[in-house]
Every structure is written in C-alpha cells, then in structure tokens.
Amino acid sequence: MNRRVRRKTLQAKGNVTEAVTKGPVNEVEAVVCLAKEEREVDWSSLPDDTVVALFSLLNYRDRASLASVCRTWRFLGSLSCLWTSLDIRAHNLDSTTASSLAKRCSKLRSIRFRGASAGNVVINLEAKELREMNADGCRDLTDASLSMLAARHQRLESLQLGPDFCEKITSDAIRVVALCCPRLKRLRLSGLRDVDGVAIGALVEHCRDLSELGFFDCMNVDETALGNAASLRFLSVAGSRNIKWTAASQLWVSLPNLVALDVSRTDVTPDAAFRLLFSESLKVLCALNCGSLDAGVFLAYNSKTKVLLARFTDIVKGIATLSQDSHSAPNLSGMKRINHYNNTSNNNSKISNVRNSRIGDNKSSEVKEWLEWVLSHALLRIAESSTPGLDSFWLKQGTPILLNLLGSLQEDVQERAATALATFVVIDDETATVDPARAEAVMHGGGIGFLLDLAKSRREGVQSEAAKAIANLSVNADVAKAVAMEGGISILAALARSPNRWVAEEAAGGLWNLSVGEEHKGAIAEAGGIRALVDLVFKWPSGGEGVLQERAAGALANLAADDKCSMEVAMAGGVHALVMLARFNKHEGVQEQAARALANLAAHGDSNGNNAAVGQEVGALEALVHLTGSHHEGVRFEDMGLAFH
C-alpha cells in the first residue's frame, strides 16, 4: 500500500464520521492513527465500510495479506466491489488458483496479463462482466486461445495485445472476436502477419460502436476494407508495411468520423499525407519517424484546425493548438507534480506548455487519451530502434514529451514513457554506457522527481518501469547524485524488498549503478539496501536468466569494496549467499559478479574478519575450484582475484 491514511474520528450520536487524507510515502505501507486520542486501536471494532475503504487503497497482493488477519476481514477482502481490476503479469497462476479467485471476480471489469499461458488461465476466472483486456508477451498466443477468450468475455469493449508481436494470431481470430464481442469499441493488435479484408469487414459489420482500431507493426493490412469503417474516430497503422498509400489516402479521407490518424514509422508518401490532412473530419495526423516525409515538403502547409505531428514539426505547439480549439482551461495530461524543475531551460518551457493545455469536452478528452497512447508507443519504438541522427529530436522534443507522458492518467502510457526514458539514454547495454546529454536533459527537466514519484506508486508495473529508468539514468554520475539527493536510494531499497520479482530486479539494478559511487555506499547501507540485496539472493537464487542475481551480486561486489559496508555484507549473510551463487548458478554473469564480490570481501585482510569468513564458509573452496574451469574470461579473472586474497 502506498498511501498514508490519517483517520480522524468524531463521535456524534453514536455514529463515526471519517475523513481520510491520502499522500504518497516511500514504502508500501499504511499508517492509521486516531487523532486527538492516545489509545490502543481495537481493529475488530472498525466499521465494515472503513475496512473496505482501507482495502480499496491496497493493491491486490497487500489486500490478500491483510485479508488473512481474521475471518471478518477475509470476507470483506473478498467482496467483488474490491476486485474490479486485476494485474497478474508478475504471477504464474495455475487453473486451480484462478478457479479459487473466480468468486471474487464476478464484477471484474479490467485485467492485464502476460503470456499465452496466462491467457488460458484467465478463462477460469469466469469474469463474464469483463470490459477491458490488456495483454503483452503474447508471441505464443494462438487463434484458438484468443477465440476462447473472446467467446468467454462477450461484453468486452476494449482488447489490446502488444506491444510484443502476436505472430500466431491470424485474421481468423479477428473474425471470431468480431462475432463474439459486438460491444467492442477499441481493438489494438501488434505484429500480425496479415489483417485481411474479411476480418476488417467482420469488425465493421458486427461491432457497430467500434471507434478505435490499431494495427501496429503488421506485415499486411487491407487498406481498402478500412475505408468502409465509417464508425472509426481513431485509426493507427504505425509501423505497418505494404500499405498502398495512394489508395489508402483516397479512401480514408472520406471516413466521416475519423478525427485522428497515426501513420508513424511507415513509408507514407508526401502526397498521401497532404491528401489526408485535407480530410474534413481529421484533426490530428501523427507521422513520427516517417522517412519519406521531410520538412521542406510541408513548409507551405499551415492550418489552425489540423495538426501534423512529425520530427520536423513543433509537436508541443501542435498539441497546444488542439487544446486551444476546445476553449477550455488547460492540462493535456493528468500531471500533478508541476514546477519541479532544476532550471528554466527551453525544454522545461515546452513541458510546461504541454502541461498547460487542457482539453475540456468528452470528445476532445478522448483525443487527448488517444494521442498520449500513440505518442508513448511511437517514442518507445523509435527508442528501441536506436535510429541514428535523432539527437536533436530527443533533446528538443522527445525528452519533454516523455516527461509529460509520465503524468498521464493512463497506467500503460506511464509505463511506456518510463520504458522509453530507460531505453533512449542507453548507447551500449553491454558496456553500460549512456548518452550524457540525454541523461542530463531528463534530469534538468525534472524527470528524476517524476520517476521517483512513479516508483512510489502502488501499481507494480509502473514501479518496475520507473525503477528501470532510474537505474539506467544513474549510470551518469551527475544523475546518480540527483537521485540520491531526492531520496532515491531509500525508495530503491524499499522496492528491492518487493514481493514482485520484476520490481525487485529493476531496483537491484538501480542499487548496482548507484553503488559505483563511493559517496552513495554508506547511504545504501543506511537505507537497508545491503540486507535487501542479500535477501534477494536467498529469495530468488535462480531463474529469470540470472538477471536479478547478477544485479544483486554486482551491487554487493561494489559495496564490499568499502571496509564498513563489507562488514555489513558479511553480517547480513552475504558470504553464504555469494558462495551459493558461485557454486550453483549456471549464468556466467552471475558467477563473475559473485566471484568479484567474494574477492572484494576477502581483500580487506586483517582490517576485518571477512577474509577468514570467506575461507571458512562451507563450499567456498569448491566454488573457487569450480570457477577456475569457466570458459568465461571475466569469471576466471575474478576467481583469480579471490584465490589471491
């Protein structure tokens, strides 16, 4: 739970009136206090509605823990009104567990899951009232599984599969979705090989309220069939290939309700883009990173009612233009944290301009939400592609837009924006090199504060991506200092204790990068980071391709180089944990970092007892012998250092 709750009670004719004040804290916790009365709280006497209100502030994992306190709370914690949304991406649920949750899911409206196996388990939740389904990691999801999901959830209004490619999904499954889910309003699919006219025709015929279609990074999309989708207000074919743009522009320009179109990362031609911009209904054309478009072609284009968003246009100004059309007071995103900048640079001004644009009416609010979504998706894809020649774009436009998107009210937009920040700063992942200009642009734009706020969120997906961005940015020494100054070390230490493996893994990466700086080691120890890292090794000694174990061991290796911290590592059980990794973990990166950590622990000689502790640890000699036979040069080098000490 990530909110501090102050409970003020006022007795009035035997009734209890409650006022709840909420604010973020550094750890997942809740503090409940009775104002003006210093007495023990009789938890069993709390009114049921108060307990339910407390439950509603928790994520489902903490809610389940709190429900184990007593039978009454178990009953209250299982009320279906508390289970309207569920994120199971971090869990490997089996059919039995899913069936046991089914009683709570009668009013489930939204679910997020990862992987084809999880999709099969979702069916057992029997959530017949489900309205929104969002899944990633669905490369192995088949037509049969998607068809079953659609058949069991016929009230679906939104279905999103991606951004990972859904390579095994075909047009046949899309037709089934159209037949089974007539209430569908939004469909977003990524990486399909072919979306044929029959599938699109089925969507047009059966889903009369369909207002948004997104076919991302698809090999083939029937542009002619899309020209018949008269109900569409939002359409995206970003990254899709083999589209006949002359025919597409001639047909799509006649769509009566089309307000916004995304053709980013395609080979759309200048003629087609011009034609689309003259559509009567279209207000926004998003064409980021389209190689065939350049600034010279569009110099003569000027419109106060339509916006072209491209690398060579002022995207922030374009968004502001949209906002002015709605004649309302402003805020494009739901950003709550404002004026948190370190300087008054041009980038800060741009972020402020976007944040000061509010779209007021419902239809314009939908445009805002769609625009946030496609921008976050496009910028993440561009960052992942490492396209050369984009330094100026990232510094002048990309960074301020991503920082703005961190404040979106849409959780998946926040996640993608944080992931994009974590990605676009990296030059070489193997050597842990980041672009200093980009990293400092994020810092000067107030990005560190924004990311740390997200890291304190109760939503674990957001926590994970925010921690990843903080970790990558902290490779830069100046950014690392800013993270420490803003309390980031204690936040990462708390996240390293998360029961969610992915959150803990990214937090461990952040502590690893921060522990490079000598000035941060004491702060990490003081925040409980050493104990958290050692506990991670015991909790997850293997699995996950060794990423978590390598990061934890790497951080401990850096910390062990400090005399005081090395003693704390040993006292926390670090010697045993590291020997265990060196002996039994099969990943060379883990072995290398474990050997380095043990070598650093033993290097202090007579200054503390760690040298003797390493030598006396059961299995240490076996680990030493085992690592000498490694084929990995780094492992052998660190093993030699350990043997020397």
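What share of the 645 residues in the protein chain is buried? Buried residues make up 54% of them, where buried stands for under 20% relative accessible area, exposed for over 50% and partly exposed for anything in between, using a 1.4 Å probe and protein chains only. What you're looking at is a predicted model, so local features need pLDDT of at least 70, side-chain atom pairs count only at pLDDT 80 or more, and totals for chains, interfaces and linings use all residues. Residues are numbered from 1 along each chain as its sequence is written, and side-chain values use heavy atoms, with hydrogens and water left out.

**The overall picture**

The protein chain has 31 helices and 16 strands. Helices (H or I, at least four residues) and strands (E, at least two) are DSSP runs, numbered from the N terminus. Now for contacts, meaning heavy atoms within 4.5 Å. Take the contacts in the protein chain with a separation of 6 or more: 69% of these are accounted for by residues 24 or more positions apart.

**Two helix pairs**

Start with helix H22 (residues 501-514) and helix H25 (residues 547-560), whose axes come within 8 Å and cross at roughly 30°. Axes here are lines fitted to C-alpha atoms, for helices over the stretch in contact, and angles run from 0 to 180 degrees between N-to-C directions. H22 and H25 are therefore roughly parallel to each other; angles under 35 degrees get that label, over 145 is roughly antiparallel, 65 to 115 is roughly perpendicular and the rest are oblique. The crossing of H22 with H25 is left-handed, that is, the near helix is turned anticlockwise from the far one by less than a right angle, while clockwise would be right-handed.

Who touches whom? On the H22 side, the residues that meet H25 include Arg501, Ala504, Leu511 and Trp512. Their counterparts in H25 include Val547, Arg551, Ala555 and Asn558. By class, the contact of H22 with H25 has eight nonpolar, four polar and five charged residues. In that sorting, Ala, Val, Leu, Ile, Met, Phe, Trp, Tyr, Cys and Pro count as nonpolar, Asp, Glu, Lys and Arg as charged, and the others, Gly among them, as polar.

Helix H6 (residues 143-152) packs with helix H7 (171-180) at an angle of about 5°, with their axes 9 Å apart. That makes H6 roughly parallel to H7. Asp143, Leu146, Ser147, Ala150 and Ala151 in H6 meet Asp172, Ala173, Val176, Val177 and Cys180 in H7. The residues of this contact of H6 with H7 divide into seven nonpolar, one polar and two charged.

**Aromatic rings**

The structure holds six aromatic pairs. Rings of Phe, Tyr and Trp (its six-membered ring) pair if their centres lie within 6.5 Å; planes under 30 degrees apart are stacked, over 60 edge-to-face and the rest tilted. Here are two of the pairs:

| Pair | Centre to centre | Angle of planes | Type |
|---|---|---|---|
| Phe234 and Trp370 | 5.7 Å | 25° | stacked |
| Trp394 and Phe424 | 4.8 Å | 40° | tilted |

Phe234 sits in strand S11 (residues 234-236) and Trp370 in helix H14 (residues 362-385), so the pair links distant parts of the chain, 136 residues apart. Phe234 and Trp370 are both buried. As for the other pair, Trp394 lies in helix H15 (residues 391-405) and Phe424 in helix H16 (residues 411-424), so parts 30 residues apart in sequence are tied together. Trp394 and Phe424 are buried too, and together with Phe393 they form one aromatic cluster.

A cis peptide bond joins Gly162 and Pro163, with omega about 10°. Pro163 lies in the loop between strand S6 (158-161) and H7.

Glu126 has a positive phi of about 55° although it is not a glycine. You'll find Glu126 in the loop between helix H5 (116-122) and strand S5 (132-136). Is Glu126 buried or exposed? It counts as exposed, at 55% relative accessibility. Asn289, also not a glycine, has a positive phi near 60°. Asn289 lies in the loop between strand S13 (284-286) and strand S14 (307-309), and at 16% relative accessibility it counts as buried.

**Two more residues to look up**

His520 is in helix H23 (residues 518-526) and is buried, with a relative accessible area of 5%. Leaving aside neighbours within four places in sequence, His520 is in contact with Ala480, Lys481, Ala484, Ile489 and Leu514.

Glu568, in helix H26 (residues 563-571), counts as partly exposed at 32% relative accessibility. Glu568 and Ala525 are 43 residues apart in sequence and 7.8 Å apart in space, C-alpha to C-alpha.
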